[in-house]
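Colleague: I am new to this structure. Could you walk me through a few of its features?

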Amino acid sequence: MAKPNFKNRTLYHGDNLDFLRGMNSESVHLIATDPPFNKARDFHALPGSAAAGARFQDRWSWKQDVHPEWVDQIQDDWPAVWAVIESTRSASGEGMAAFLCFMGVRLMSLHRVLRKDGSIYLHCDPTASHYLKALMDAVFGQENFRNEIIWHYGLGAANVKDHFRRKHDNIFLYSKSANYTFNIQRGAVSEAQENKYRHTDKKGRYMLSYGKKYYLKGGPVLDSVWEIPSISPKAKERTGYPTQKPLALYERIVKASSNPGDWVLDPFCGCATTPLAAERLGRRWVGMELWKRAHEVLLHRLSAEHFQGEVHYNTAPPVRTDCTRPSAPGQRQSAWQSPTSRIARSTTETTSISSGA
C-alpha cells in the first residue's frame, strides 16, 4: 500500500476532485461521505448559528456543470460508468445525468485512493439512490456491494395525504475487494438481558445467573436498518449546517469499518461530522470541503471535545509520491463552485489547540 502523502488531521478547502487526484493510491482505509443528493433545491444554514452563511445549490445542468475533461476521462477509463450516465440521460434527463457525471468522476478517484482492504459508505436518499447504486456497481463492482443501510431518522412531514411519510435516507456500503475490515456492531443491552446476566466473574464480565460461563457480549447484532434520531434543534452538536448528520450515525460507520489508527476520508465533510467521529474513535483523518467556514467550525467542534493537538488547513492539493504520472489531466475550476468560494492562491495553515472550550 502507498504511504499517505498528507498529514493526519488535514482539512482541504476547495474542489475535492483536485485533492483526490493528488492523493497517493490505496492510502485510506475508509471513506464515509454525505455528498449532494440532487434535490433540485437550495440549502441555507440557520441564521445566527455556528454555520451561519453556509449555503449551496443542489441543482445540476449538463451545460453548466459538466466539464469535457470529465467526459473524456470517464469514456476512456471507465466505459461502464459512462454507460450508466448515458442510460440515465435517456431515462431521467440531463439534470440527473449531470449529477452522475459529477459523482462518477469523483468516485473513480475515490476507488483509486481506497486501500484494497478498505470500504466506502455513500450517503444518499431516494431522490437519486437507484441511479447512484448503478454508478457504484460500475465503479466498485456489484460483487463488492455489501449493504444498503436504511437510516430511519424519525422525522418527516406529518400531514401528507398522497403518499407514505418519507423518513429515511440510504447509505450504500461497498468494499474494494473480498478482504475488508468489518467489526460487528451491537445495539443496547435490553432490560431482559440485564436481568438474566446478574453475576460477574473476577474480570467483571457478566455471566448467566446459574453460574455457567456464558458471557454477555452486548445487545443484539445490528441489522441494516438503523434507528438513529436526527439532530434535535437543542442538541449541543448542532451547528446549524443545513445537511448536518448525527455524530452517532458516523461513529457507527467508523467503528464498523475501521480500526484505531486507520485513515478515514470524507471528501464532502461539511461541518466536519466524519472527522470528529474519527478523532473521537482514535482514527487518523482527512477531510475536504468547499464551504469557506468549514475550518472554523471544525476547530470549534474539536475544541468543544477538549481535543489537543495540531489541525492542518490547506488549499493546495497534495503532490503524489507513488508515481511520476498524474492520475488525471489538469482540472479547471468547477462550475459547482460559487464565484465567492473560489480560492485565489494556495494557503497552508496549522492550528494548535491546547485546551478545550
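Colleague: Which residues in α3 meet which residues in α4?

Modeller: Keep in mind that this is a predicted model. From α3, the residues are Val-71, Ile-74, Gln-75 and Asp-77. They meet Pro-79, Val-81, Trp-82 and Ile-85 of α4.

Colleague: At roughly what angle do the axes of α3 and α4 cross?

Modeller: Helix α3 covers residues 68–77, and helix α4 covers residues 79–92. Their axes come within 5 Å and cross at roughly 120 degrees.

Colleague: On to the surface. Which residues form a nonpolar patch there?

Modeller: Phe-182, Ile-184 and Val-221 form it. Together they have about 300 Å² of accessible area.

Colleague: Where is Phe-182 found?

Modeller: Look in the loop between β7 (168–175) and α7 (191–196). Phe-182 has 45%, so it is partly exposed.

Colleague: Now the backbone. What is phi of Arg-9?

Modeller: Phi of Arg-9 is near 60 degrees, a positive value in a residue other than glycine. Arg-9 sits in the segment before β1 (10–13). Its relative accessible area is 23%, so Arg-9 is partly exposed.

Colleague: And what is phi of His-306?

Modeller: For His-306, phi is near 65 degrees, again positive and not in a glycine. Find His-306 in the loop between α10 (294–304) and β13 (309–314).

Colleague: Is His-306 buried or exposed?

Modeller: Exposed means over 50%. His-306 reaches a relative accessible area of 53%, so it is exposed.

Methods:
Residues are numbered from 1 along each chain as its sequence is written. This is a predicted model: local features need pLDDT of at least 70, side-chain atom pairs count only at pLDDT 80 or more; totals for chains, interfaces and linings use all residues. Side-chain values use heavy atoms; hydrogens and water are left out. Patches are made of residues with over 30% relative accessible area and no salt bridge: like charges are joined within 9 Å, nonpolar side chains (Val, Leu, Ile, Met, Phe, Trp, Tyr) within 5 Å. Accessible areas come from the Shrake-Rupley method with a 1.4 Å probe; for residues, only the protein chains shown count as cover. A salt bridge is a side-chain nitrogen of Lys or Arg within 4 Å of a carboxyl oxygen of Asp or Glu. Helices (H or I, at least four residues) and strands (E, at least two) are DSSP runs, numbered from the N terminus. Buried means under 20% relative accessible area, exposed over 50%, partly exposed in between (1.4 Å probe, protein chains only). Axes are lines fitted to C-alpha atoms, for helices over the stretch in contact, and angles run from 0 to 180 degrees between N-to-C directions. Contact means heavy atoms within 4.5 Å.
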